[in-house]
Amino acid sequence: MMISTKGRYALATLIDIADHYDGVTPVSIKEISDRLGISLKYLEQIIALMVKGGFLRSVRGARGGYLFTTSTKNIKVGDILDAAEGTLAPVDCVKSGIVCDKSASCPTFPLYKEIDDAIYNVVNKYTLDDLVQESHPAVTDKS
């Protein structure tokens, strides 16, 4: 399993929006593009996936941009990566909704299933809010 550029940029984009989101004012895609150094055209594709995934909604107009549809505390990293990547499953046979005729007799199926479970246990342990908080380590008082 390898997280692609699209997955990494999706996480970076949502963290950036969270960092610049006041709960009311839409965050401009142009500003996100400038801050992250991601081309506007590529960022539009990534944001479209995040809208489709239900994390963002768009606001049109001169002061338009993107708003979260829910709290960053409710957005799991695994869900973001699934929306960006399609799935993190190591092989097709462990994807949800995929039935393989050979899985019952396949000697490697349990291994692939365990890998899939381990991946999702890790990425779903974190929320977008966890990543945002991690990007702003607490300042320790030196007095």
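**Reading salt bridges and helix contacts**

A: Let's start with one pair in this predicted model: the side chains of Arg35 and Asp16 form a salt bridge, 2.7 Å from N to O.

Q: Why does the pair of Arg35 and Asp16 tie together parts that are apart in sequence?

A: Here is the general idea: side chains of opposite charge can pair when their charged atoms come close. In this case Arg35 belongs to helix H2 and Asp16 to helix H1, so the bridge joins parts 19 residues apart in sequence. Asp16 is buried, at 6% relative accessible area, while Arg35 is partly exposed, at 35%. Asp16, Glu31 and Arg35 are also linked in a network of salt bridges.

Q: How many salt bridges are there in the whole structure?

A: There are 4. Among them is Lys30 with Asp34, whose closest N and O atoms are 2.9 Å apart. Both of these residues sit in helix H2, 4 residues apart, or about one turn of the helix.

Q: Which side chain of opposite charge is nearest to Asp129?

A: That is Lys73, 4.9 Å away. A salt bridge needs the nitrogen within 4 Å of the oxygen, and Asp129 has none, although Asp129 is buried. You will find Asp129 in helix H6.

Q: At what angle do the axes of H1 and H3 cross?

A: They cross at roughly 75° and come within 10 Å. The two helices are therefore roughly perpendicular to each other. The residues of this contact divide into 9 nonpolar, 2 polar and 1 charged. Those on the H1 side include Tyr9 and Leu14, and those on the H3 side include Ile46 and Met50.

Technical notes. Residues numbered from 1 in each chain as written. Predicted model: local features only at pLDDT ≥ 70, side-chain atom pairs only at ≥ 80, totals over all residues. Heavy atoms only, no water. Axes fitted to C-alpha atoms, helices over the stretch in contact; angles between N-to-C directions. Parallel < 35°, antiparallel > 145°, perpendicular 65-115°, else oblique. Contact = heavy atoms within 4.5 Å. Nonpolar A, V, L, I, M, F, W, Y, C, P; charged D, E, K, R; others polar. Buried < 20%, exposed > 50% of the residue type's maximum accessible area, 1.4 Å probe, protein only. Lys, Arg positive; Asp, Glu negative; His and termini not counted.
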